[in-house]
Amino acid sequence: GLQEIVANFISGLIILFEKSLKVGDFVELQSGVTGEVKEINMRSTLVTTNDNVDILVPNEEFIKTRVINWTLREGFRRTRIPFGVAYGTDKDLVKKAALEAAENVPHMLTGTGAKPPQVWLVGFGDSSLDFELVVWLRPESVKRPAAVLADYNWAIEDALRKYGIEIPFPQRDLHIRSGLHRNGQQPESDT
């Protein structure tokens, strides 16, 4: 137990001197914890999730495992919102609908130096043409990934519906054989 206390203490000093983590940063830990750094103490760091849950994370976790700091240098980030449409849909109409949806969501970075949203065709799925709406987020939106995804999904679905674009559902063909043959013999009749 004493070794862990010393390791967390040393890790706390490293974090403070490196300045790779500061109060207000939005982090994603390898353990799955995501949230905003509220306090950096000598033994642990307080991370508050978007559900307002406070989690004390041992400082050693920030040193030994992978940590994504979404706000280390700049506050804005690019995100990709995946969606699919039915095969045969006009790709230009899909692009128009998705860009219109992007304009209706307040999370997008705007103003000087802002990059426009893009629509990428990224794959050919089992039941759909797979697209991504690519947008740059404002700094305050970077800290709310679930809300951003939900808002863009909502807007994309509205725009696709407006233009009559079908969102496919997985389809499977099922082939049923009757009268299985065993060793070259016909199946027995129940009558």
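Which residues form a nonpolar patch on the surface? In this predicted model, where local features need pLDDT of at least 70, side-chain atom pairs count only at pLDDT 80 or more and totals for chains, interfaces and linings use all residues, the patch is made of Leu 2, Ile 5, Val 6, Phe 9, Ile 10, Ile 14, Leu 16, Met 42 and Ile 63, with about 770 Å² of accessible area together. Residues are numbered from 1 along each chain as its sequence is written, and side-chain values use heavy atoms, with hydrogens and water left out. Areas come from the Shrake-Rupley method with a 1.4 Å probe. Helix H1 (residues 2-18) gives the largest share, seven residues; helices are DSSP runs of at least four residues, strands of at least two. Leu 2, placed in H1, is exposed at 64% relative accessible area (exposed means over 50%, buried under 20%).

Turning to the strands, an open sheet of five has the order S4-S3-S2-S1-S5, with antiparallel pairing (at least two DSSP bridges between paired strands). Strands S4 (54-58) and S5 (67-69) stand at the edges, each with a single partner, so one side of each lacks a neighbour in the sheet. S3 (residues 44-48) pairs with S4 over five bridges, and Val 47 stands opposite Ile 55 in S4.

The whole structure holds one aromatic pair: Phe 83 and Phe 131 are stacked, 5.7 Å centre to centre with 15° between the planes (ring centres within 6.5 Å, planes under 30 degrees apart). Both Phe 83 and Phe 131 are buried.

Terms used:
Phe/Tyr/Trp six-rings, centres within 6.5 Å; stacked < 30°, edge-to-face > 60°. Buried < 20%, exposed > 50% of the residue type's maximum accessible area, 1.4 Å probe, protein only. Patch = residues over 30% accessible without salt bridge, like charges linked within 9 Å, V, L, I, M, F, W, Y side chains within 5 Å. Salt bridge = Lys/Arg side-chain N within 4 Å of Asp/Glu carboxyl O.
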